[in-house]
Amino acid sequence: MTTPARVALVTGAAGGIGSAVVQRFLVGGWRVAATDVAPLAATDERTLPISADLRDVGAVRAMVEQAAAWHGRLDAVVNAAGVWTEGRADDTTEAEWDLVVGVNLKGLYFVTSAAIPHLERTGGCVVN
C-alpha cells in the first residue's frame with residue numbers, strides 16, 4: 001500500500017521565506033498548497049496555487065478547505081505571510097497599521113484555527 005503524499009499549506013508563497021519554504025517541501029516530496037494575495041502559477045501537479053487575502057476570514061476558511069480537499073488531507077501549515085511598513089512610528093497611518101495587524105496577526109490566527117481540525121486528523125503541525 002502506498003503512503004499518500006503529505007500536504008502542506010504555505011502562506012506568503014509568492015516570495016521571500018514563503019517561496020523558499022514551498023521549494024523545500026517540494027524537494028522533500030510533499031504536495032504544497034501555495035497561497036498568496038496575488039495569483040500564483042502552478043509549477044507542476046505537486047503545487048496548488050490559491051489566491052486569498054488573509055484579512056478576509058471567509059477567504060481564509062475557503063483557502064484552508066480547498067487545500068485540505070485537494071488530496072484529502074493537511075499535514076502542515078506554514079504561516080510565512082507577513083507585511084511591514086517602513087518609517088517612523090509616529091508617521092504610521094491607521095490604514096498601514098490595520099494592514100500589518102490584519103495580515104500578520106488576524107491572518108495567522110484564522111489560518112491556524114481553520115487548519116486545526118485537519119491537522120488533528122493527520123497529527124500535523126503549524127509553523128509560524
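Please find His118. Setting aside residues up to four places away in sequence, His118 touches Val64, Glu65, Ala68 and Leu74. This is a predicted model, so keep that in mind throughout. His118 lies in helix α3. Is His118 buried or exposed? The cut-off for buried is under 20% relative accessible area, and His118 has 12% relative accessibility, so it counts as buried.

Now the two helices. The axes of α2 and α3 come within 9 Å and cross at roughly 35 degrees. That crossing is right-handed. On the α2 side, the contact is made by Val57, Val60, Arg61, Met63, Val64, Glu65 and Ala68. On the α3 side, His118 is joined by Lys106, Phe110, Val111, Ala114 and Ala115.

Stay with Val111 for a moment. What does Val111 contact, leaving aside its neighbours within four places in sequence? The list is Leu9, Thr11, Leu54, Val60, Met63, Val64, Val77 and Asn79.

As a general point, nonpolar side chains in soluble globular proteins tend to be buried together. Here the largest nonpolar core has 18 residues, and those touching the most other members are Leu9, Met63, Val64, Leu74, Val77 and Val111. Two or more residues come from each of β1, β3, α2 and α3. Which element gives the most to this core? It is α2, with five residues. Apart from this core lies another, of 12 residues, with Val10, Val32, Ala34 and Val78 among them.

Next, the sheet. Five strands form an open sheet, in the order β3-β2-β1-β4-β5, with parallel pairing. Why is one side of β3 and of β5 left without a neighbour in the sheet? Because β3 and β5 stand at the edges, and each has a single partner strand. From one strand to the next, the twist averages 15 degrees. As for the helices, α3 packs on the sheet, where it touches β1, β4 and β5, and its direction makes about 175 degrees with that of β4. Helix α2 lies across β1, β2 and β3, and runs at about 165 degrees to β3.

Last, look at strand β4, residues 76-79. In a regular strand, side chains alternate between the two faces of the sheet. In β4 both faces are covered: Ala76 and Val78 are buried on one side, Val77 and Asn79 on the other. Strand β1, residues 7-11, runs parallel to β4 and is joined to it by four bridges. Within that pairing, Leu9 has Val77 as its bridge partner. Three bridges join β4 to β5, residues 125-127, again running parallel. There, Ala76 stands opposite Cys125. Between β4 and β5 the chain crosses through helix α3, residues 94-122, in a right-handed β-α-β crossover.

Technical notes. Residues are numbered from 1 along each chain as its sequence is written. This is a predicted model: local features need pLDDT of at least 70, side-chain atom pairs count only at pLDDT 80 or more; totals for chains, interfaces and linings use all residues. Side-chain values use heavy atoms; hydrogens and water are left out. Buried means under 20% relative accessible area, exposed over 50%, partly exposed in between (1.4 Å probe, protein chains only). Two strands pair if DSSP finds at least two bridges between them. A crossover is right-handed if, with the strands pointing away from the viewer, the path from the first strand over the helix to the second runs clockwise. A nonpolar core is a set of buried Ala, Val, Leu, Ile, Met, Phe, Trp, Tyr and Cys residues joined through side-chain atoms within 4.5 Å. Contact means heavy atoms within 4.5 Å. Axes are lines fitted to C-alpha atoms, for helices over the stretch in contact, and angles run from 0 to 180 degrees between N-to-C directions. A crossing is left-handed if the near helix is turned anticlockwise from the far one by less than a right angle, and right-handed if clockwise.
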